[in-house]
Amino acid sequence: MRRPPRQLIVIAAIVSLALAAVLVTGAIIAVSLDSSRDDVGRSTYFIVESDESVDSIADRLNDEGLIRSPGYFRFRIRLQSKGDDIVAGRYRLDTAMSTSQIINAITSEDAAIAQEAAIQFIEGWRTEQYAEAAVAAGLSFTVDEFMLATRDPKWNNEFAFLHTRPSGVALEGYLFPDTYNFRMDATPDDVIERLLATFEERVTSDLIAQADRQGMTLHQIMTVASIVEREAAVATERGTISSVYHNRLEAGMPLQADPTIQYQLGLAGNWWPELTAADVQRNGVYNTYLNPSLPPGPICNPSLAAIEAALNPEQTPYIFFVATGDGTHAFAETFEEHQRNIDQYQRGQ
């Protein structure tokens, strides 16, 4: 057998080394391009629009600092034949994610569904506070858009329990407080419908029938419940506070509830302001010192316990109460007794 000339062997060795160098260099470049932009990591929300092109997604990912190279992203996603697998939706991505991890995220139906926010809507919050919590959690709408959606008259047609709600009154009171998981691309209508459906589930037809037996509409009961919720810092006092307001309504007395004025005067950044003597004299439909009837509607979204207290007040003779300073209240049947309680608990404050 004739051996190849030594010169050919040398050339072959050089070519092999060069090819190996190219492969190693290519691998190093690929690893570099696939790696994250930030070792520390910064979370951000990224929305993939319906029918958005791979080129557009690549450019936007690069603009937001999530990938190193739009070209490498396009190469990888087409190499893996995943271009048609991209799922529209909102994703929580991180600058510490590699290009491969980002591709896996936006091509996974499960990953898109998993991009949810857990939002706690707390009893006693007004609807604007709900909207602020949803926006702070990253849902893709504004406070104004959410508030506008709560005023849509369609909700009265979709939920029978809203039929006693006067026209023009928002959904304050009926957005049931609880902790919910929402997709990041949820709309205001998605959130509102879920909260109303929960109200429908928790506030049963039997409870609503109790309002009828009391000669009150559900809307009136919800208004009382919302005031009880704001006044009762201690859960055991809900029924007693409810009795005071029911006794006042029966006697034709104004409720004189500070939270209703706070609701009227509240502004973003200070939804429940401390009141002054001048505030109590300000005209307004929610001023229950100047108006002897219930305000137009609820002033917050109350808990089920507050609703039950409004439906089942304790049987007491009380028509006055004053804060004692420790979260509880001192109750009184007569104005004289009430004045003594004020002297005892508030004069020195």
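Start by selecting T107, which sits in the loop between α4 (99-106) and α5 (109-114); helices here are DSSP runs of H or I with at least four residues, and strands are runs of E with at least two, both numbered from the N terminus. Keep in mind that this is a predicted model, where local features need pLDDT of at least 70, side-chain atom pairs count only at pLDDT 80 or more, and totals for chains, interfaces and linings use all residues. Residues are numbered from 1 along each chain as its sequence is written, and side-chain values use heavy atoms, with hydrogens and water left out.

T107 counts as buried because its relative accessibility is 15%, buried being under 20% relative accessible area with a 1.4 Å probe and protein chains only. Show its side chain: one of its polar atoms lies 2.6 Å from the backbone oxygen of I103. Beyond four places in sequence, T107 is in contact (heavy atoms within 4.5 Å) with I77, K82, D85, I86 and V87.

Next, select helix α9 (residues 188-202). Its buried residues are P188, V191, I192, L195, L196, T198 and F199. Look down the axis of α9: these buried residues fall within an arc of 155 degrees (taken from the directions from the axis to the C-beta atoms), so they line one face of the helix.

Finish with F121, and show its contacts with Y130, A133, A134, P177, D178, Y180, F182, V191 and L195, leaving out residues up to four places away in sequence.

Conventions
Expected span 1.5 Å × (residues − 1). Buried < 20%, exposed > 50% of the residue type's maximum accessible area, 1.4 Å probe, protein only. Polar contact = N/O pair within 3.5 Å; in protein donor to acceptor, adjacent residues only side chain to side chain.
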